[in-house]
Amino acid sequence: MKKLSIILLAAAIAGLSAVNAQAPRIRTSAPAEKTAQKGAAAPKKKAASAVSDGAAAAAPKGGKKGGKGGKKKAAQQPVETYTPSSSQYMALKTNLVYDAFGVLNLAYECQFADHWTAELPVMWSLWDWKESRGLRTVALQPGVKYWFSKPGSGHAVGADFDLAWYNARWDDDRYQSEGRPAMGASILYAYTLNMGRGWKAEFSFGVGYVNTRYNTYYNISDGALIDTRTKNYFGPTRLGITLVYSL
């Protein structure tokens with residue numbers, strides 16, 4: 001009986017083994033992470049991919065924000081620019097009154113401050129009007145002007161310093177500066193009118209003091225010396241109707 005029980009148990013075990021061997025296997029193409037049971041840990045590959053995607057998503061946002069911030073910062077920084085000052089007044093001038101008497105002249109005037117200009121007129125005459133009358137001279141009249149509006153326009157007052165070397169003939173006598181030029185100083189008033197295209201007309205009048213030392217000769221060829229005198233003069237020193245061209 002005991003032997004029969006052992007034989008039946010062995011037969012039962014063999015039958016179960018045969019059943020398991022004949023049972024078909026279930027195949028699937030799904031990846032392992034799809035067949036994972038609930039509660040199981042997420043695959044490492046997926047975790048790494050998620051971290052990579054998160055970093056990639058964060059990087060463009062951060063870079064874009066940083067780019068905007070950089071541009072904004074650059075725009076806020078003041079840009080140093082050079083602003084040139086307004087053009088200074090400069091002009092060439094000739095006094096038509098002196099020109100009419102054969103005394104050629106040319107003056108240069110330039111601005112050196114907001115309302116101030118400096119001027120250097122040069123006058124010369126190297127010939128006689130006729131045999132008994134004439135004026136040969138070289139003269140300088142440097143000065144400054146203060147303009148009430150802007151330089152080269154409207155009213156102005158000023159002062160100048162006078163230097164002149166001369167040899168003048170008049171009827172029976174000839175007068176020639178001796179040893180040094182005639183020297184003086186004067187004050188003046190001027191008004192400038194704009195005529196357009198750089199041209200202006202200046203009207204001026206000056207009065208002042210001049211000291212001169214001169215010799216008097218007979219007004220003939222190689223005329224003898226009569227005397228030497230020193231003269232102080234106070235009165236008009238400038239009369240101008242001046243044509244001006246601003247540079």
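This is a predicted model: local features need pLDDT of at least 70, side-chain atom pairs count only at pLDDT 80 or more; totals for chains, interfaces and linings use all residues.
User: Let's start with charges. How many salt bridges does a search of the whole structure find?

Analyst: Side chains of opposite charge can pair when their charged atoms come close. Here, the search finds twelve salt bridges. One of them joins R238 to E119, with the closest N and O atoms 3.8 Å apart. R238 belongs to strand β10 (residues 225-246) and E119 to strand β3 (residues 116-125), so this pair ties together parts that are 119 residues apart in sequence.

User: Are R238 and E119 buried or exposed?

Analyst: Both R238 and E119 are buried. For R238 the relative accessible area is 8%, which is why R238 counts as buried, the cut-off being under 20%.

User: Which other residue forms a salt bridge with R238, and at what N to O distance?

Analyst: That is D160, whose closest approach to R238 is 3.2 Å between N and O atoms. Since D160 sits in strand β6 (residues 154-170) and R238 in strand β10, the pair ties together parts that are 78 residues apart in sequence. D160 has 6% relative accessibility and so counts as buried.

User: Which residues are linked in a network of salt bridges?

Analyst: The network links K93, E109, E119, K145, D160, E202 and R238. Within it, take K145 and E202, whose side chains meet at 3.9 Å, N to O. K145 lies in strand β5 (residues 143-147) and E202 in strand β9 (residues 199-218), so they tie together parts that are 57 residues apart in sequence. K145 and E202 are both buried.

User: On to rings. How many aromatic pairs are there?

Analyst: The whole structure has five aromatic pairs. Among them, Y175 and Y214 are edge-to-face, at 6.0 Å centre to centre with 70 degrees between the planes. Y175 is in strand β7 (residues 173-177) and Y214 in strand β9, so the pair ties together parts that are 39 residues apart in sequence. Y175 is partly exposed at 29% relative accessible area, whereas Y214 is buried at 11%.

User: Where do charged ends sit over rings?

Analyst: The charged end of R133 is placed over the ring of W170, 4.1 Å from the ring centre. Likewise, R174 lies over the face of Y217, 4.4 Å from the centre of that ring.

User: Finally, which residues make up the largest nonpolar core?

Analyst: Six residues do: V97, Y98, V103, M123, A139 and A164. Leaving aside residues up to four places away in sequence, V103 touches Y98, M123, W124, S125, L135 and T137.

Key: Residues are numbered from 1 along each chain as its sequence is written. Side-chain values use heavy atoms; hydrogens and water are left out. A nonpolar core is a set of buried Ala, Val, Leu, Ile, Met, Phe, Trp, Tyr and Cys residues joined through side-chain atoms within 4.5 Å. Buried means under 20% relative accessible area, exposed over 50%, partly exposed in between (1.4 Å probe, protein chains only). Contact means heavy atoms within 4.5 Å. A salt bridge is a side-chain nitrogen of Lys or Arg within 4 Å of a carboxyl oxygen of Asp or Glu. Helices (H or I, at least four residues) and strands (E, at least two) are DSSP runs, numbered from the N terminus. Rings of Phe, Tyr and Trp (its six-membered ring) pair if their centres lie within 6.5 Å; planes under 30 degrees apart count as stacked, over 60 as edge-to-face and the rest as tilted. A charge sits over a ring if NZ of Lys or CZ of Arg is within 6 Å of the ring centre and within 35 degrees of the ring normal.
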